[in-house]
Amino acid sequence: MPDRGFGVAAGLDPEVAGEVARRCEGLGYRSMWSNDHPGSSGLETAAFFHEAAPSLQVGVAVLPLDRHDPESIAATAGEEGLDPGRLWIGIGAGFTDRPLQVVRHGLAELRRVLPAPARIVVAAMGPKMCALAGAEADGVFLNWPTPAWAAWARERVHEGAQVAGRRVMPPIFSYVRVAIGDDAAERLLKEETFYRQLHRGYIRHFESIPAEPGTVGIAARDPAAVPELLAPYEEAIDHVVVRGLASANVDALGAVAEAAAP
């Protein structure tokens with residue numbers, strides 16, 4: 001079975017983050033991930049996971065390079081005490097007009113300043129970024145996929161890796177949003193609607209996949225249905241990161257983690 005991770009929004013209360021990480025560790029997850037946004041540090045939230053669950057890998061997906069420069073990323077990771085051997089740093093272009101150039105430069109600079117063996121994943125949606133990530137990154141991070149789109153992106157990643165002469169394909173990670181309970185459909189639709197309007201990159205992405213609003217991810221009234229609904233994603237994704245759409249407390253996030261456990 002492919003590896004599975006669990007993801008939350010940055011800024012989660014430290015005690016909640018630690019307890020959710022411990023529960024995920026006990027449930028068989030391999031990694032914990034935080035996003036990053038202007039109001040909260042993804043690396044700080046990752047540090048809560050890191051301390052609470054020593055067997056798990058930790059990551060941030062993703063740090064936009066229009067807000068974070070490589071030297072400050074490396075410095076913050078060091079200040080937070082993150083073990084490079086357990087760390088995945090995800091980077092994305094952010095809101096820039098030169099995404100390929102920005103990511104290529106940022107990737108090279110991060111390799112220079114991050115201590116080994118920290119690994120770098122590149123957020124990719126379009127075919128050129130998928131190919132760049134396949135050619136140069138330690139991993140590729142997808143977002144808002146359908147199973148069919150994930151299979152398409154995987155082909156573009158592998159084409160980039162093959163052109164670069166890589167013998168081992170980089171692992172493909174992806175967030176898959178999961179909501180459970182009576183309000184599951186509303187939670188997924190609300191989250192998806194926000195991203196559908198966020199930026200031209202997301203607008204183009206959603207236009208490229210034939211999916212109705214509120215269907216890109218999993219909304220299950222019955223938590224027992226989640227494993228079967230997750231299975232198609234794992235045909236193309238090496239490491240599904242379950243993004244729990246739930247209230248920011250241990251019981252709610254823990255219920256999603258249990259429903260989607262490996």
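Modeller: Helices (H or I, at least four residues) and strands (E, at least two) are DSSP runs, numbered from the N terminus. Pro-117 lies in the loop between H4 and strand E5 (119-123). The model is predicted, so local features need pLDDT of at least 70 and side-chain atom pairs count only at pLDDT 80 or more, while totals for chains, interfaces and linings use all residues. Residues are numbered from 1 along each chain as its sequence is written, and side-chain values use heavy atoms, with hydrogens and water left out.

Biologist: Why is H5 called oblique to H6?
Modeller: The axes of helix H5 (residues 127-136) and helix H6 (residues 147-163) come within 6 Å and cross at roughly 50°. That angle makes H5 oblique to H6, because angles under 35 degrees count as roughly parallel, over 145 as roughly antiparallel, 65 to 115 as roughly perpendicular and the rest as oblique. Axes here are lines fitted to C-alpha atoms, for helices over the stretch in contact, and angles run from 0 to 180 degrees between N-to-C directions.

Biologist: Which residues of H5 and H6 meet?
Modeller: Contact means heavy atoms within 4.5 Å. By that test, Pro-127, Cys-130, Ala-131, Gly-134 and Ala-135 in H5 meet Trp-152, Ala-153, Arg-156, Val-157, Gly-160 and Ala-161 in H6. These residues divide into 8 nonpolar, 2 polar and 1 charged, where Ala, Val, Leu, Ile, Met, Phe, Trp, Tyr, Cys and Pro count as nonpolar, Asp, Glu, Lys and Arg as charged, and the others, Gly among them, as polar.

Biologist: What makes H3 oblique to H4?
Modeller: Helix H3 (residues 70-79) packs against H4 at an angle of about 40°, with axes 9 Å apart. H3 is therefore oblique to H4. The crossing is right-handed. Pro-70, Glu-71, Ile-73 and Ala-74 in H3 meet Gly-106, Glu-109, Leu-110, Arg-112 and Val-113 in H4, a contact of 5 nonpolar, 1 polar and 3 charged residues.

Biologist: Where do H7 and H8 meet?
Modeller: Glu-192, Tyr-195 and Arg-196 in H7 meet Tyr-202, Ile-203 and Phe-206 in H8. This contact has 4 nonpolar, no polar and 2 charged residues. The two helices, H7 and H8, pack at an angle of about 115°, with axes 8 Å apart.

Biologist: What makes a space a cavity or a pocket?
Modeller: On a 1 Å grid over the protein atoms alone, a cavity is a set of points where a 1.4 Å probe fits but cannot get out, and a pocket is an open set with protein on both sides within 12 Å along at least five of seven lines; lining residues have an atom within 4 Å of a point. Grid points are joined across faces, edges and corners, and a volume is the space filled by probe spheres set on the points. The count comes to 1 cavity of 30 Å³ or more, and the largest cavity has a volume of about 40 Å³. Its lining consists of Trp-144, Pro-145, Tyr-175, Val-176, Arg-177, Val-216, Gly-217 and Tyr-233.

Biologist: Which residues are closest to the centre of the largest pocket?
Modeller: The largest pocket has a volume of about 1500 Å³. Of the 50 residues that line the largest pocket, Val-62, Met-125, Asn-143, Leu-198 and Tyr-202 are the closest to its centre. The largest share of the lining, 6 residues, comes from H8. By class, the lining of the largest pocket has 28 nonpolar, 13 polar and 9 charged residues.

Terms used. Left-handed = near helix turned anticlockwise from the far one by under 90°.
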